[in-house]
Amino acid sequence: QVQLVESGGGLVRSGESLRLSCSVSGIHISTNVMGWFRQVPGKEREYVATIVPNGEKFYVDSVKGRFTISRDISKNILFLQMDTLKPEDTAVYYCRSIRPQDYWGQGTQVTVSS
């Protein structure tokens, strides 16, 4: 059974930081394209960042320089370090195994107050 479980969300002030974690079981994050997405109520889910098996990382322009995706292969955990948070980063953040298997976590709320 594949499970992706996010944690680390919360309420912070503008300019502060949070680190999200995604504990993965049932698949190996080292061999999957893994990513983070986010969604605001009433809007479509939005791509945030991905990390591919060779370690290469990609980001949406709005988070470049502020967010860092990483992984701990030994523990099978995906991370998203979010620095210099802005109110517009407020969303539910989802961990996803994109390829070859497509699985989603249940999401964790991030709220950034101004």
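Contact in this report means heavy atoms within 4.5 Å. The model is predicted: local features need pLDDT of at least 70 and side-chain atom pairs count only at pLDDT 80 or more, while totals for chains, interfaces and linings use all residues. Residues are numbered from 1 along each chain as its sequence is written, and side-chain values use heavy atoms, with hydrogens and water left out.

**Contacts of L80 and the nonpolar core**

Leaving aside residues up to four places away in sequence, L80 touches L18, R19, L20, W36, V48, A49, F67, T68, I69 and Y93. L80 also belongs to the largest nonpolar core, which has 26 residues. A nonpolar core is a set of buried Ala, Val, Leu, Ile, Met, Phe, Trp, Tyr and Cys residues joined through side-chain atoms within 4.5 Å. Buried means under 20% relative accessible area, exposed means over 50%, and partly exposed lies in between, with a 1.4 Å probe and protein chains only. The members that touch the most other members are W36, L80, M82 and Y93. Two or more residues of this core come from each of β3, β4 (33-39), β5 (46-51), β7, β8, β9 (91-99) and β11 (108-113). The element that gives the most is β3, with four residues. These element names follow DSSP runs, numbered from the N terminus: helices are H or I runs of at least four residues, and strands are E runs of at least two.

**The sheet β1-β3-β8-β7**

Four strands form an open sheet in the order β1-β3-β8-β7, with antiparallel pairing. Two strands count as paired if DSSP finds at least two bridges between them. At the edges are β1 (3-7) and β7 (67-72), each of which pairs on one side only. On average, neighbouring strands of this sheet are turned by 15 degrees against each other, direction ignored. Axes here are lines fitted to C-alpha atoms, for helices over the stretch in contact, and angles run from 0 to 180 degrees between N-to-C directions.

Strands β1 and β3 run antiparallel and are joined by five bridges; the bridge partner of L4 in β3 is V24. Strand β3 (residues 18-25) also pairs with β8 (residues 77-82), in the antiparallel sense, over six bridges. In β8, S21 has F79 as its bridge partner, and L20 has L80. L20 is also one of the residues that L80 touches.

Strand β9 is mostly covered, with seven of its nine residues buried.

| Strand pair | Bridges | Bridge partners |
|---|---|---|
| β4 and β9 | seven bridges | Q39 and V92 |
| β9 and β11 | three bridges | V92 and Q109 |
| β9 and β10 | two bridges | R96 and W104 |

Strand β10 covers residues 103-104, and a hairpin of three residues joins β9 to β10.

**Loops and backbone geometry**

Most residues other than glycine have a negative phi, and most peptide bonds are trans. Which peptide bond is cis, with omega near -5 degrees? The bond from R99 to P100 is cis, and P100 lies in the loop between β9 and β10.

N76 is not a glycine, yet has a positive phi of about 60 degrees. N76 sits in the loop between β7 and β8 and is buried, at a relative accessible area of 12%. T84, also a residue other than glycine, has a positive phi near 45 degrees. The place of T84 is the loop between β8 and β9, where T84 counts as partly exposed because its relative accessibility is 45%.

H28 is found in the loop between β3 and β4. Is H28 buried or exposed? H28 counts as exposed because its relative accessible area is 57%. From H28 to P41 the separation is 13 residues in sequence and 31 Å in space, C-alpha to C-alpha.
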